Amino acid sequence: MTEGEAVRRVRDPSFALSKAAVVSVVVGAMRLVAAGEPREAVPALTLALEAARPRWTAGQGTPWWWAADAYVEAGRLALVEEADGLLFRRVRAVADEQIAVLRHSGRAEDVAELAETLFAAGLLRVSPYMGHMSGLTFESAHDLWRERQARRRSIHPDDSVAPETAEMPAPLVAAEEAVRYLREAAGLSHGHKRGRALKALAEALSMVAGLRQESHDEEMRAVAREALDVLDPVEDPLTHLYLLRVLCLLGELSLPGDVRDVLPVPLAAIRDQRGLREAASVFAEALTLAEEARRPDLEFQLIEAADRELPELPGDSYRRRRWASEVHCLAGNRLRCPSGPIPVEETAGRLRTVADRDGWPAEERAATFIHLAAHAHGNGEAHIGRTLTAEARALAPQLCGPRRAALDHLDGTLSYDMGLHTSVTGQAAVAAGHFADALAAYAACGQTDMALNSLDAGLRGALAADGSDADAAVAALIPAAVWLRGGVDEIVGWKLRDLYQRLIVKLSGPTVPYGLMAAIHQAAKGLDFTVVAGRPGPFAPSPRLSRLLARVKTDGARLSGPLSEPELPGPDEAMLFYVGTGESEPGGDAETEHRNMQRAADRWINQELLASGRMDRMPMMFPDELRSLLPEDTVLLSLYLGHTRRDGAEAPVTSLSGLAVTREDMEHHTALLADFEAGLIRLTRAGHTLSAHPVAFHIAALRQAVVADPLHRPVSRDAQAQLRDGSVPYLAAFAASLDGWRAQGKRHLCIWPNGPLHYLPYHLLEVDGRPLAEDWTVTQVPSLGFLRSQAPGLHRPSGRGLVAFASAAGGARHGLPAQDALETHAARVAAAMGGHAVLGAAATPRRLLGELADARYVHVAAHGAHNEWASWYQCLFLSPDADDDGRVFAHDILRADLRGVELVTMSSCESALGRFDVNDNLRGLPAAFLSAGASAVIGCLWPVHPQVATEFFGSLYERLARTPDRRAAFRAAQSAVRARHPAFRDWGSFCFIGDWRPSDPNHGAAS
């Protein structure tokens, strides 16, 4: 539910709540904080505060006070991960309220608590800005934080919050406030607690000094000296190490020779007692101390200790800190760290001479070259450093393989240096290439923030370049950006969409490089889905996701009837909107809550599913490979909704980029969509936010016109006009090429759509007075990966052939009428193929999921429901059993193994539909079957009459019984049904999605 509705409920006096319950919430939230998930703890603590205030007031010793202490700490740590100005102001207000209460009490016994609260308030103002500094200079860390905040605001603008409230305060303002709080906290504290406050004061002073570019060394020296004297290092090893850093930098002390004398407590003990994140923080601080003291021996010992005790570091900043040290102290390294800059090229020449003379082993050469490359950062010789790391990787793959992430990070740092250097000299395209290298390297080692900064810099270079230089810059950026995986992270997804949209505009003109357009289409359209479908098989949800799915199921069982549709937007338009995190509805009724819970599960499923796709090779094809995969009779038409400039105007207009590919040739058209404004349409209602491409509303209108009663015509006049007028723009002006292709023997048009175009009935578009399907077999493909995929059936021996499922009364408990014709239909389909039918009460979800593994063809005849708000909850209605209510959801299909299934057919309403995100990764039943391993799916674009479906699928499987050519069977069935049922809404409902290539009789696709 929305936060406002939840707050209203917990404030209601009728909401039963005890002090013990608040304690339970606080304890559970702090467990999340200790586990490194403070953001997850904030909502529960927010509600605890709101519920406790009207019941027990906001005084000391009340449940509100307990929740407030936890809220300030959880909020502070959450702000380190995400710069959220509204959360900052809420947390600050709670801490300041506590301070005001303590000041007002006037009791001597409250002084210690006041000091602790002032300390927490001071940390709150420092941590969000300093939390990611590990492994970076102050300036770089500040830039990284600022860019992260800007990205968040650009993707998640909250129109209900004033910009000055949504933004974090300026870092200097926050730091100067922190100094005031921490000085007072230190003045009220004693012993160890005074040491902690003094350390935080030193940190705030260093932040002020960095931002003001002025020195606070003397005050920091005095503060650090006293803090080190009074602090208990065992109680707070992290603070102890920071103080050592300050005093070492100021020349006050030197470090011992053994890491055990540097770490007050072993890393393993900190990990076990205080959690992995605290142990990682201590490790990173100790590494920084050793590096600043120029003690590579201690760095080496610390890394060895981390290998034993902290093999998995929990955050980007910790990993970055480790990699920065690791490249300086590899085993076999022969180069001592110099005290100042080093001439890298000259030193490399000398080292090669010595290595050749003395016969250094490959591992020693590689370790030394990597170390030398690390010293190329910031001294104008980054290009030499890149050469050295490449040489090291080739020399000793066994040394570099386990350290790949550290080398990727080093390559990213050096490439970014090169980009900065060349951009200053005016070489925009060359700089873009270097930034693209940095982007790829940072993405490969998981440094998303730094990769996005590189992307922004590379895009600026590409947009500033001209002619062939611009083409070269674009050619470098596209494959680099692919490694960012936008489907897993919504902010990354929107950044990538913006990148590809701007590159499309950049490339628009009288001549278009086809290869670059092909690369943009592949990168921008469902790349993460391509990766997942390229490694098909059962999806295994995490234990936490499994618990959420079970909770959604239990909650759904309590509803009195089927779910109604949400108000915004209507069901006909909803599936054509981009999936986003802003879709949760306002309202507090049971149905709204359940839809929102399904949305949450849907997002989580998608994140885990797409993250499970391992990308160990570039999932894109060069034009030559793509053409070679197409049969001689096929035209692949790839479509991408973008923008272009018209008549030299500066402002772009909406366009459709079309790329037609045949075995012999490739051609590109840009069709202006003059009726549509550039950009997206955003709908909001009380925090419920949806984004859509303007084309979506026209496609919704066209679909509604097609299914309207045609009044004894094949299709209504309105629909016919829309289908006729839409053929040129929606085919990207390739309608004029159709006759020429047919003259060359082309008969198959494979559409690769984009966004709302996925659900446009392309086969019904009117060309030369007749539907496209009259002259062409029209299929769709959700990804080019299906052309590269293994032949169906190679994962296991052939099973029984066809299995057909039907349940006449499957949807009865959900308000749907029983239809005996469904079981009759399934029995006829099974008979046509000589297959096996599972009917009636036996056709349960459990039985279906069990039978899928051994089937070659699967047919389901059942009621279906398209879930527009949470597409992984799109479902088929089968017969209930003891464990479920008969619904088999798309997310259930994901967990099946369909790698031997060549074709899934669904005689169910809207079974060819789903949803898509801004990077065109699909969700829903077709996506689930394809992700789990099915080679192709045939479903319905809208509700279809049972008799029509029976005839269509009967004809389809009669043809498949004679030949394994699924595409030919689809066309034969479509033609047969059209002859008997000429209404477009009847024969035009069926859509073929996926791999159309024929299988051989031995259950394997022809290559």
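At what angle do helix α4 and helix α5 pack, and how far apart are their axes?

## Helix pair

Helix α4 (residues 63-81) packs against helix α5 (residues 85-105) at about 140°, with the axes 9 Å apart. α4 is therefore oblique to α5 (under 35 degrees is roughly parallel, over 145 roughly antiparallel, 65 to 115 roughly perpendicular, the rest oblique). Axes are lines fitted to C-alpha atoms, for helices over the stretch in contact; angles run from 0 to 180 degrees between N-to-C directions. The α4 and α5 crossing is left-handed.

From α4, the contact residues include Trp64, Trp65, Tyr71 and Val72. Among those they meet in α5 are Leu87, Phe88, Val91 and Leu102. Contact means heavy atoms within 4.5 Å. By class, the α4 contact with α5 has 14 nonpolar, two polar and three charged residues.

## Basis of the model

This is a predicted model: local features need pLDDT of at least 70, side-chain atom pairs count only at pLDDT 80 or more, and totals for chains, interfaces and linings use all residues. Residues are numbered from 1 along each chain as its sequence is written, and side-chain values use heavy atoms, leaving out hydrogens and water.

## Three-stranded sheet

Three strands form an open antiparallel sheet, in the order β13-β14-β15. Its edge strands are β13 (863-865) and β15 (887-889), each pairing on one side only. The twist averages 25° from one strand to the next.

Strand β14 (residues 875-877) pairs with β15 in the antiparallel sense over three bridges; pairing requires at least two DSSP bridges between two strands. Leu876 stands opposite Val888 in β15.

Note on methods:
Helix = DSSP H or I, 4+ residues; strand = E, 2+ residues; numbered from the N terminus. Left-handed = near helix turned anticlockwise from the far one by under 90°. Nonpolar A, V, L, I, M, F, W, Y, C, P; charged D, E, K, R; others polar.
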